Structures are given as structure tokens and as C-alpha cells.
Amino acid sequence: MSFTLAIVGRPNVGKSTLFNRLVGKRLALVDDQPGVTRDLREGAARLADLKFTVIDTAGLEEATDESLQGRMRKLTEKAVDMADICLFMIDARAGVTPTDQVFAEILRKRADHVILAANKGEGAAADAGVIEAYSLGLGEPIRLSAEHGEGLNDLYSQLQPLADAFEERADAASDTPETDVTVDEDEDDPDYVPMPTNAKPLQVAVVGRPNAGKSTLINQILGEERLLTGPEAGITRDAISLRMEWNGTPMRIFDTAGMRKKAKVQEKLEKLSVGDGLRAVKFAEVVVVLLDAAIPFEQQDLRIADLAEREGRAVIVAVNKWDIEDEKQSKLKDLKESFERLLPQLRGAPLITVSAKTGRGLDRLHDAIMRAYDVWNRRVTTAQLNRWLTGMVEAHPPPAPQGKRIKLRYMTQAKTRPPGFVVMCSHPDKVPESYSRYLVNGLRLDFDMPGTPIRLYMRGQN
Ligand code: GDP
Ligand code: GDP
């Protein structure tokens with residue numbers, strides 16, 4: 001299975017040029033005059049060993065009036081919905097324009113995976129535009145020259161892991177026995193009930209060691225709620241994911257327990273039990289690490305929690321089987337201590353006690369998921385960040401390696417999900433780890449972002 005990449009962006013930034021380069025045949029028309037090509041076009045693309053479908057949204061004139069704005073928006077939305085991954089292109093020589101910002105807004109709202117490319121990136125004339133691109137809040141831009149074929153390695157490095165993930169997802173889907181719940185796309189199913197809202201379901205993975213209570217938890221949630229796909233609760237056993245509504249929130253829950261049980265049959269337990277957790281984590285927005293209160297923080301729990309953090313997911317630790325705990329107060333204290341000691345990378349992540357069996361604590365778990373998701377999506381304005389940065393530097397200036405003081409010049413949030421920040425500075429390679437940690441911990445505290453992975457990138461001239 002391959003994936004579909006849509007190239008979007010305002011006219012004349014170089015979309016067709018890249019399309020042609022990827023497709024290798026001159027399928028799309030390229031012209032200096034904006035608006036020569038029309039509507040969407042598709043081609044079979046190749047980049048090193050990756051094969052995929054590429055969609056080009058060329059054919060838009062610069063939107064100067066209301067109707068053109070509308071058309072541009074519609075066409076882009078159409079492309080975004082058709083694609084697995086969007087490549088959003090800006091012209092690095094022109095810098096970020098208001099139209100680019102309109103596109104960025106659409107993508108932030110609508111696209112699952114966005115790769116940001118600053119094209120026409122050859123030469124120094126593009127430097128400023130590349131830096132400006134960070135402020136779009138779509139992550140680190142790739143510096144590209146579609147015309148000269150530069151930066152394609154970087155494009156490859158961003159596409160390749162996503163391609164792997166799509167491959168794994170396709171494998172998982174095709175492994176699925178026929179009795180499985182088909183995920184929500186199956187509208188021919190007579191039992192199919194469409195989601196009551198248009199909201200994209202929140203993707204949650206419940207992970208943890210065998211017997212932690214994952215199946216019980218999911219069944220308990222399903223038991224309380226109307227299952228929107230599939231006929232009855234028993235189906236969790238072999239499902240890859242379940243779409244449901246929990247306390248009014250549309251969710252898709254990845255049930256790794258079902259995958260593990262299937263793996264056992266296939267006698268590949270060891271290999272797949274790590275793999276299925278990984279797969280679930282990759283596609284989740286929020287990961288619930290479910291622990292057994294009797295044996296919390298086992299190696300396997302720590303590994304999966306760490307993996308979730310490294311993958312940049314919002315993480316919640318839920319301690320299950322709380323119903324059989326006698327010394328709840330002191331146990332909770334112990335758990336919190338172990339948590340801080342064993343998983344410092346998840347500092348401030350919520351720790352919730354639940355009983356999957358009785359259903360106690362499930363409302364709190366739901367609320368913790370919503371809060372974590374909110375923090376994970378949080379956006380801080382550039383103005384706020386720069387004011388904050390000034391204060392942080394005054395309180396504790398960065399060191400002066402070899403007598404050269406590191407100057408932190410400017411800061412902006414480059415992405416969300418999880419929050420990622422870029423600090424433009426002199427000597428980015430010399431900023432010590434401890435200073436980055438100081439900034440990350442400060443961000444967490446001052447902008448109320450507990451428990452979410454925070455990424456900090458130092459950029460600038462060395
Ligand atoms: P589209 O409207 O976004 O599809 O843009 P086109 O692909 O038609 O490109 C618009 C203009 O930009 C053409 O004149 C291209 O030759 C030029 N162009 C495309 N990529 C590059 C690049 O990497 N560097 C430079 N300098 N020009 C480019
Ligand atoms: P999974 O392997 O993580 O899916 O775990 P299961 O859901 O199959 O549960 C393993 C065992 O723990 C079963 O015997 C469950 O009945 C039991 N269990 C699960 N949740 C709870 C709970 O909250 N309290 C108690 N006392 N037992 C539980």
C-alpha cells in the first residue's frame with residue numbers, strides 16, 4: 001500500500017515544478033503566468049525507493065476577490081481530504097504572505113500530516129523566508145529547490161517514516177480476520193450508525209502489559225456507551241480500532257489487547273506484542289498507559305510510556321484495579337514517587353486511579369484525556385513567547401562557551417501536537433542540554449503545559 005501526497009500552496013510557489021520532478025513526466029503544465037494549469041491532477045510519483053500518488057493543486061489564480069478565495073479554499077480542502085500527507089509549499093524568496101497564512105490555517109485544522117516546504121530555497125535570497133516559515137506553526141520547514149532538485153533528501157527523510165507507518169497500518173488492516181469490526185468507513189453495514197457530529201474522532205490508544213485490564217477497560221467504556229460501529233461489545237476481542245462516543249466525545253480507541261490475543265494464535269507473541277503497541281502509539285493522539293496497581297511500572301510499562309513520549313504523544317498513566325487496593329492513600333503516594341523517579345520525561349503527566357471492573361474513575365480518565373489533548377494542541381503566540389524568553393534570559397543567562405556569549409534572539413512556536421518551539425540564536429550547537437531543559441521546564445510551568453512532550457529546537461548560525 002502506498003500513500004497519497006497532496007502539494008498545496010498559493011499560485012506560483014513552484015508546486016507544478018515539484019510535481020513534475022516527482023512524477024518524472026511532464027504531466028502538469030508549468031508556466032510563469034499564474035493560473036495556467038487547472039484543477040487537481042494526479043500522478044504516480046517516485047522518490048528514491050518510495051512510490052506514491054501525488055496530487056497537484058496548481059491552477060489557482062491569486063485570490064483577489066471573494067469567489068476566488070472560496071474556490072481556492074474548496075480546491076485545497078478537496079486535495080487535503082484526498083491525501084494522507086500534505087506538502088504545503090511557500091516561496092522562500094517571497095517570505096510568508098497573508099495568503100500563505102490562510103492556507104496554513106486550513107491545514108492546521110484539516111490535515112493529519114503536514115510537511116512544510118520553503119521552495120525556491122537555492123541561494124541566500126531565501127534565508128529570511130526559510131526562517132519566517134517557522135512562524136506558520138507547521139513544524140520545521142524543508143528548504144527546497146524544486147527547480148534545481150535540492151532538498152529532496154530532506155523531503156525523503158520526512159516522508160519515509162510516514163510511509164512506513166502507513167504500510168504498517170495497511171498490514172494491520174489486511175491481517176484482520178473477517179469477523180473484525182470494520183472501521184467506520186463501512187457504510188454498507190446495516191448496523192453502521194454515522195457519527196453524530198462531523199468532528200474527527202479523538203484517537204486514543206490503551207497500552208500496557210498483558211492482564212493490566214485493557215480489554216476490561218474498553219468493554220466497560222463500551223458498556224456505558226452506545227457503540228456506534230459494530231453490533232455488540234463482545235467484538236473488542238479482535239478489533240484493531242473501535243469508533244465510539246464516550247461522554248459525548250467521538251473517539252477511536254486502539255485496542256492493543258485484541259491484537260495481542262490474535263498474535264498469540266500466530267505464535268509471534270513476543271515480536272508482535274511490542275509491535276502492536278508501537279503501531280497503536282503511532283496512530284494515537286493520546287496514549288493511556290494502563291498499569292496494574294499490584295505490579296505498577298514494570299519494564300514493559302516503562303518502555304511503552306517512553307516510546308509514547310518519544311513519538312510525541314500526549315500521555316496519561318492510569319492505575320487500574322484500584323478496587324482491590326486497601327491502603328489507597330499511601331499507595332497513591334508511592335505511585336507518584338515511582339512515577340517521578342522512573343519516568344522523568346513525562347513530568348506532570350496525569351496519574352489517574354481507575355477500576356475498569358467497577359467503572360470507578362472512568363469519568364476522571366475521560367476528563368484527563370480531554371485535558372491532555374487540549375494541552376497537546378496548545379498554541380502560544382510569538383509575542384507571548386518573546387516576552388517570556390526575555391524574562392527567562394534575564395533570570396538565568398545562557399553560558400558563554402569559549403568566551404562567546406550565546407544570544408537567544410527570537411522564539412516562535414513551530415508546531416503543535418505536541419508543542420514544538422524554535423529559538424533563533426547564535427551558536428545553536430553550543431547551547432547546553434541543561435539550558436534547553438531550563439527553557440522546556442519553564443514553558444511547561446508558565447504556559448500550563450503539564451505532561452505533554454515539548455520539543456525545543458535551537459536554530460541559527462553557528
Ligand atoms: P505553481 O503555480 O505553484 O504550480 O508554480 P510553478 O511550478 O508553475 O512555478 C512557478 C514559477 O516558479 C516558475 O517560473 C518556475 O520555474 C519557478 N520555480 C519553481 N521552483 C523553483 C525553484 O526551486 N527556484 C526558483 N528560483 N524558481 C522556481
Ligand atoms: P488485558 O490483557 O490488559 O486486556 O487484561 P484483561 O482486561 O483481560 O484483564 C485481565 C484480568 O484482570 C481479568 O481477569 C480481569 O477481570 C481483571 N481486571 C481487569 N480490570 C480489573 C479491575 O479494575 N479490578 C479487578 N479487581 N480486576 C480487574
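1. Secondary structure. The chain contains 13 helices and 15 strands. The model is a predicted one. Of its 462 residues, 41% count as buried. Among contacts between residues at least 6 apart in sequence, 70% join residues at least 24 apart.

2. Confidence. The average pLDDT of the chain is 80, and 78% of the residues score at least 70. Over residues 28–38 the pLDDT is below 50, and this stretch has 26 contacts in the model beyond near neighbours in sequence. Residues 258–272 likewise stay under 50, with 17 contacts beyond four places in sequence. Where pLDDT is low, the predicted coordinates should not be read in detail. For the complex, the predictor gives an ipTM of 0.64 and a pTM of 0.63.

3. The six-stranded sheet. This open sheet has the strand order S2-S3-S1-S4-S5-S6, and its pairing is mixed. Strand S2 (41–47) and strand S6 (142–143) are the edge strands, each pairing on one side only. Helix H1 (residues 15–23) packs on the sheet, where it touches S1, S2, S3 and S4, and its direction makes about 55° with that of S2. Strands of a sheet pair through backbone hydrogen bonds, either parallel or antiparallel. Strand S1 (residues 4–8) is joined to S4 by four bridges, and the two strands run parallel; here Ala 6 has Cys 86 as its bridge partner. S1 also pairs with strand S3 (residues 50–56), in the parallel sense and over four bridges, with Ile 7 opposite Asp 56. Between S4 and strand S5 (residues 113–119) there are seven bridges, again with the strands running parallel. Helix H3 (residues 98–110) lies across S1, S4 and S5, running at about 165° to S4.

4. Strand S4. Is strand S4 (residues 85–91) enclosed or open? Seven of its seven residues are buried, so the strand is largely enclosed by the rest of the structure. In a regular strand the side chains alternate between the two faces of the sheet. In S4, Ile 85, Leu 87, Met 89 and Asp 91 point one way, while Cys 86, Phe 88 and Ile 90 point the other way; all of them are buried.

5. In soluble globular proteins, nonpolar side chains tend to be buried together. The largest nonpolar core of this model has 111 residues, of which Cys 86, Phe 88 and Val 289 touch the most other members. Helix H11 (residues 362–376) supplies the largest share of this core, eight residues. Leaving aside residues up to four places away in sequence, Cys 86 touches Ala 6, Val 8, Val 80, Leu 107, Ala 111, His 113 and Val 114.

6. Gly 151. This residue is found in the loop between S6 and helix H5 (152–175). Which side of the burial cut-off does Gly 151 fall on, buried or exposed? A residue is buried if 20 or more other C-beta atoms lie within 10 Å of its own. Gly 151 has 20 such atoms within 10 Å and is therefore buried. Not counting residues up to four places away in sequence, Gly 151 touches Gly 121, Ile 142, Arg 143, Leu 144 and Ser 145. Asn 119 is 32 residues from Gly 151 in sequence, and their C-alpha atoms are 9.1 Å apart in space.

7. The three-stranded sheet. A further open sheet has the order S13-S14-S15, with mixed pairing. Strand S13 (408–415) and strand S15 (455–459) stand at the edges with a single partner strand each, so one side of each is left without a neighbour in the sheet. From one strand to the next, the twist averages 20°. Strand S14 (residues 420–425) and S15 run parallel and are joined by five bridges; in one of the pairs, Val 422 is partnered by Tyr 457 of S15.

8. Helices H10 and H13. Helix H10 (residues 328–342) has 15 residues, which at 1.5 Å a residue should span 21 Å; its end C-alpha atoms are 21 Å apart, in agreement. One of the 15 residues of H10 is buried, so this helix lies largely in the open. Helix H13 (residues 433–446), with 14 residues, reaches 20 Å from its first C-alpha to its last, close to the expected 20 Å. Asp 448, which follows H13, has a positive phi, near 55°.

Methods. Residues numbered from 1 in each chain as written. Chains lettered and ligands numbered in written order. Core = buried A, V, L, I, M, F, W, Y, C linked by C-beta atoms within 7 Å. Buried ≥ 20, exposed ≤ 12 C-beta atoms within 10 Å, placed from the backbone. Contact = placed C-beta atoms within 7 Å. Pairing = 2+ DSSP bridges. Axes fitted to C-alpha atoms, helices over the stretch in contact; angles between N-to-C directions. Expected span 1.5 Å × (residues − 1). pLDDT = per-residue confidence, 0-100.
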